Amino acid sequence: MIKHNFFHVRAMSINDTEQFQAIEKDAFPDLFPETNFKNELNRSIASLITIGIDTENNKKKEILNDNYLSNKIPLYRQGYTGWHGKKDFLVGIAESWNMVGETHIISIGVRRYFQNKGAGETLLLNILSNSENPIVTLEVRKSNQPAINLYKKYKFQIVGTRKKYYSDNGEDALIMTIESATSMKYKGFIEQSSELLVSKENQ
Ligand SMILES: CC(C)(COP(=O)(O)OP(=O)(O)OC[C@H]1O[C@@H](n2cnc3c(N)ncnc32)[C@H](O)[C@@H]1OP(=O)(O)O)[C@@H](O)C(=O)NCCC(=O)NCCS
């Protein structure tokens with residue numbers, strides 16, 4: 001498991017469904033239909049992971065921002081977070097499928113308020129380090145520069161386009177792929193990157 005100093009990563013459980021739905025709505029406001037995460041949990045090839053804050057034990061309370069957790073700042077759906085004050089406040093979710101010959105990244109999403117804090121990168125690092133397939137692939141909106149930058153940072157290359165892939169606005173998808181995710185060289189790169197991420201957070 002790739003670590004993050006402040007957040008922790010774990011597998012999704014059935015109790016996380018409401019927060020998963022809220023995170024998806026926050027990170028992908030235009031997505032329709034929404035994902036049925038209970039069904040996804042039962043999908044044998046699916047791996048669902050989440051990154052969150054242990055609100056009981058975490059010492060760095062300031063990043064939690066009381067205003068955010070008590071819904072005092074405007075958020076999607078009048079502050080609906082799907083969190084009911086139990087232990088883990090989840091900030092990001094990721095789903096990948098272990099398919100024949102490739103790992104397919106279905107989505108990575110981080111609550112808007114918690115973006116740019118390394119959560120998305122940590123989720124991606126976990127998928128990559130756990131991939132049993134050398135090939136890891138995904139589709140991303142042509143206009144989604146933050147996500148494209150994240151994938152390029154991890155050496156994904158654009159290998160094709162799916163024309164009008166997204167039905168909401170007819171946008172094209174870029175197909176981005178890595179072909180050597182299980183090589184020693186790439187594993188070393190992942191390890192170094194994760195150490196760098198942790199050291200950046202310590203600064
Ligand atoms: C894309 C997304 C998952 C990135 O997660 P994040 O936690 O915000 O990003 P991180 O802090 O981990 O950033 C990691 C890298 O992503 C890229 N990145 C992230 N946000 C960016 C931004 N606003 N502009 C440009 N590049 C960005 C950078 O390469 C960054 O590395 P750097 O810090 O060394 O520059 C997040 O922005 C998100 O949920 N977006 C909405 C949903 C989505 O589009 N998901 C991806 C499609 S499946």
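What share of the contacts in the protein chain with a separation of 6 or more is accounted for by residues 24 or more positions apart?

1. The share is 69%, counted among contacts in the protein chain with a separation of 6 or more. Please keep in mind while reading that this is a predicted model.

2. The secondary structure of the protein chain comes to seven helices and seven strands, and, when one reads along the sequence, these elements follow the pattern β-α-α-β-α-α-β-β-α-β-α-β-β-α. The chain has 203 residues, of which 30% count as buried.

3. Around the ligand there are 21 residues, and those that come nearest are Gln-115, Gly-120, Glu-121, Pro-146 and Leu-150. The elements that give two or more residues to this shell are β4 (102–110), α5 (119–130) and α6 (145–153), with α6 supplying the largest share, namely six residues. By residue type, the shell divides into nine nonpolar, nine polar and three charged residues.

4. Helix α5 deserves a separate look, and its 12 residues reach 17 Å from the first C-alpha to the last, which is close to the 16 Å expected at 1.5 Å a residue. This helix is mostly covered, since 10 of its 12 residues are buried; the buried residues are Ala-119, Gly-120, Glu-121, Thr-122, Leu-123, Leu-124, Leu-125, Asn-126, Ile-127 and Leu-128.

Definitions and conventions
Residues are numbered from 1 along each chain as its sequence is written. This is a predicted model: local features need pLDDT of at least 70, side-chain atom pairs count only at pLDDT 80 or more; totals for chains, interfaces and linings use all residues. A residue is near a molecule or strand if its C-beta atom, placed from the backbone, lies within 6 Å of it. Helices (H or I, at least four residues) and strands (E, at least two) are DSSP runs, numbered from the N terminus. Ala, Val, Leu, Ile, Met, Phe, Trp, Tyr, Cys and Pro count as nonpolar, Asp, Glu, Lys and Arg as charged, and the others, Gly among them, as polar. A residue is buried if 20 or more other C-beta atoms lie within 10 Å of its own, exposed if 12 or fewer, and partly exposed in between; C-beta atoms are placed from the backbone. Two residues are in contact if their C-beta atoms, placed from the backbone, lie within 7 Å. The expected span of a helix is 1.5 Å times one less than its number of residues.
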